[in-house]
Amino acid sequence: MEASRIAVIIGSTREGRVGDGIGRWVAGVAAERADVEPVVLDLADYDFPPCYPARPTAEVRRFTGQVADADGFVVVTPEYNRSFPASLKQAIDYAYDEWHAKPAGFVSYGYRSEGFHAVEQLRTVFTELHVMTVRTAVGVNLLADEPLDTERRRRAAEAMFDQLTWWASALKQARTRRPYVS
């Protein structure tokens, strides 16, 4: 079986963020699997324009090219004000067709809610982009005094990757047989 190329998208660009560590953890879990080829797309590594450009910049094209090359996605997002950060929405909006007929999973973090309000919002956005979101997500409560790599989180991540790779394979085969049109 060919490994699915899964883009782990780190959605926060704030100074002092914890999302980069969480993103590296989830990419590490993915790398342990024979059916996943993880690629980290850290939005802090892109020099996106402050306003949506009339024509895509080189950085926008680089990001959308990596979205196009991926078979699926894991979005690592904080919860800010019961939603996800503007940096993530901006990046999502740079691509359109590149997202179509691919699956996405979520790893979220926040205080008490584990970032699940952000995931609820992202599911709606990705539905509009014709993305199949998987049911199982991974949540991190930043108030809990526990290590990131707990048995509960690892089980959730494995279940998420099981669902994600199934959908990535099925949708890739479907796109190969018949191009997706929206």
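This note comments on the strands, cores and helix packing of a predicted model.

1. Strand β3 (72-78) is mostly covered, with seven of its seven residues buried. In a regular strand the side chains alternate between the two faces of the sheet. Here G72, V74, V76 and P78 lie on one side of β3 and F73, V75 and T77 on the other, and both faces are covered.

2. The neighbours of β3 include β1, which runs parallel to β3 and is joined to it by five bridges, I10 having V76 as its bridge partner in β3. Strand β4 also pairs with β3 in the parallel sense, over six bridges, and in that strand A104 stands opposite F73.

3. The largest nonpolar core has 30 residues, and F63, W99 and F126 are those with the most contacts inside it. At least two residues of this core are supplied by each of β1, β2, α2, β3, α3, β4 and α4, with the largest share, five residues, coming from α4. Leaving aside residues up to four places away in sequence, F126 touches V75, I92, W99, F106, V131 and T133. A second, separate core of 22 residues includes I6, A27, V76 and V138.

4. Helices α3 (residues 86-94) and α4 (residues 116-128) pack with their axes 11 Å apart, at an angle of about 10°; because angles under 35 degrees count as roughly parallel, α3 is roughly parallel to α4. The residues that meet are L88, K89 and I92 in α3 and L122, V125 and F126 in α4, and by class this contact has five nonpolar, no polar and one charged residues.

Notes: Residues numbered from 1 in each chain as written. Predicted model: local features only at pLDDT ≥ 70, side-chain atom pairs only at ≥ 80, totals over all residues. Heavy atoms only, no water. Axes fitted to C-alpha atoms, helices over the stretch in contact; angles between N-to-C directions. Helix = DSSP H or I, 4+ residues; strand = E, 2+ residues; numbered from the N terminus. Parallel < 35°, antiparallel > 145°, perpendicular 65-115°, else oblique. Contact = heavy atoms within 4.5 Å. Nonpolar A, V, L, I, M, F, W, Y, C, P; charged D, E, K, R; others polar. Core = buried A, V, L, I, M, F, W, Y, C linked by side-chain atoms within 4.5 Å. Buried < 20%, exposed > 50% of the residue type's maximum accessible area, 1.4 Å probe, protein only. Pairing = 2+ DSSP bridges.
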